[in-house]
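Trainee: I am new to this structure and would like to learn how to read it. Please take me through it feature by feature.

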Amino acid sequence: MPLHFELVTPEKLVRSEDVYMVVVPGTEGDFGVLEGHAPVMSTIRDGALSVYRTEKGEPELIAIEGGFAEVSATGLTVLAERTA
């Protein structure tokens with residue numbers, strides 16, 4: 001089952017898609033999110049999201065600055081202050 005991933009900035013919805021995994025630059029360390037991850041909220045530091053579309057695929061890097069990440073039953077939502 002895919003993970004539903006959304007990337008949002010104050011200006012707009014940047015991404016909304018189903019992916020395999022996303023690695024988030026949390027303020028207490030990077031963490032990977034797969035479908036079925038336990039609910040969690042984390043602040044994020046400046047860095048890059050690594051978005052894996054498939055299990056063995058190369059990640060797409062998306063530079064972000066600050067914000068929050070929320071994992072819920074519906075997937076992963078990243079609320080970034082801005083994307084580069």
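Trainee: Which residues does V71 touch, not counting residues up to four places away in sequence?

Mentor: Contact means heavy atoms within 4.5 Å. By that rule V71 touches V33, H37, A38, P39, V40 and L76, with residues up to four places away in sequence not counted. Before going on, note that this is a predicted model, in which local features need pLDDT of at least 70 and side-chain atom pairs count only at pLDDT 80 or more, while totals for chains, interfaces and linings use all residues. Residues are numbered from 1 along each chain as its sequence is written, and side-chain values use heavy atoms, with hydrogens and water left out.

Trainee: Where is V71 found, and is V71 buried or exposed?

Mentor: Helices (H or I, at least four residues) and strands (E, at least two) are DSSP runs, numbered from the N terminus. V71 is found in strand β7. For burial, under 20% relative accessible area is buried, over 50% is exposed, and partly exposed is in between, with a 1.4 Å probe and protein chains only. V71 counts as buried because its relative accessibility is 4%.

Trainee: What does L76 touch?

Mentor: With residues up to four places away in sequence left out, L76 touches L3, H4, F5, E6, V22, V24, V33, A69, E70 and V71.

Trainee: How should I read a nonpolar core, and which residues touch the most other members of the largest one?

Mentor: In soluble globular proteins, nonpolar side chains tend to be buried together. A nonpolar core is a set of buried Ala, Val, Leu, Ile, Met, Phe, Trp, Tyr and Cys residues joined through side-chain atoms within 4.5 Å. Here the largest nonpolar core has 18 residues, and F5, V22, V24, L49, L76 and V78 touch the most other members. At least two residues of this core come from each of β1, β3 (21-26), β4 (29-34), β6 (47-52), β7 (60-72) and β8 (75-83). The strand that gives the most to this core is β7, with four residues.

Trainee: Where does L7 lie, and what is L7 in contact with?

Mentor: L7 lies in strand β1, residues 3-8. With a relative accessible area of 0%, L7 is buried. Apart from neighbours within four places in sequence, L7 is in contact with K12, L13, V14, R15, L49, I62, I64, V78, A80 and T83. L7 and Y52 are 14 Å apart in space, C-alpha to C-alpha, and 45 residues apart in sequence.

Trainee: How many salt bridges does the structure hold?

Mentor: Side chains of opposite charge can pair when their charged atoms come close. A salt bridge is a side-chain nitrogen of Lys or Arg within 4 Å of a carboxyl oxygen of Asp or Glu. The structure holds six salt bridges. One of them joins E60 and R15, at 2.5 Å from N to O. E60 lies in strand β7 and R15 in strand β2 (residues 13-19), so this pair ties together parts that are 45 residues apart in sequence.

Trainee: Which residue forms a salt bridge with E17?

Mentor: That residue is R53, and the closest N and O atoms are 2.4 Å apart. E17 lies in strand β2 and R53 in the loop between β6 and β7, so the pair ties together parts that are 36 residues apart in sequence. E17 is buried, with a relative accessible area of 16%, whereas R53 is partly exposed at 45%.

Trainee: Which other salt bridge can we read, and which residues do shared partners join?

Mentor: R45 forms a salt bridge with D30, with the closest N and O atoms 2.9 Å apart. R45 is in the loop between β5 (40-44) and β6, and D30 is in strand β4, 15 residues apart. Salt bridges that share partners join R15, E17, R53 and E60 into one network.

Trainee: Where is S42, and what does S42 touch?

Mentor: S42 has its place in strand β5. S42 is buried, with a relative accessible area of 19%. Beyond residues up to four places away in sequence, S42 touches G26, T27, F31, G67, F68 and A69.
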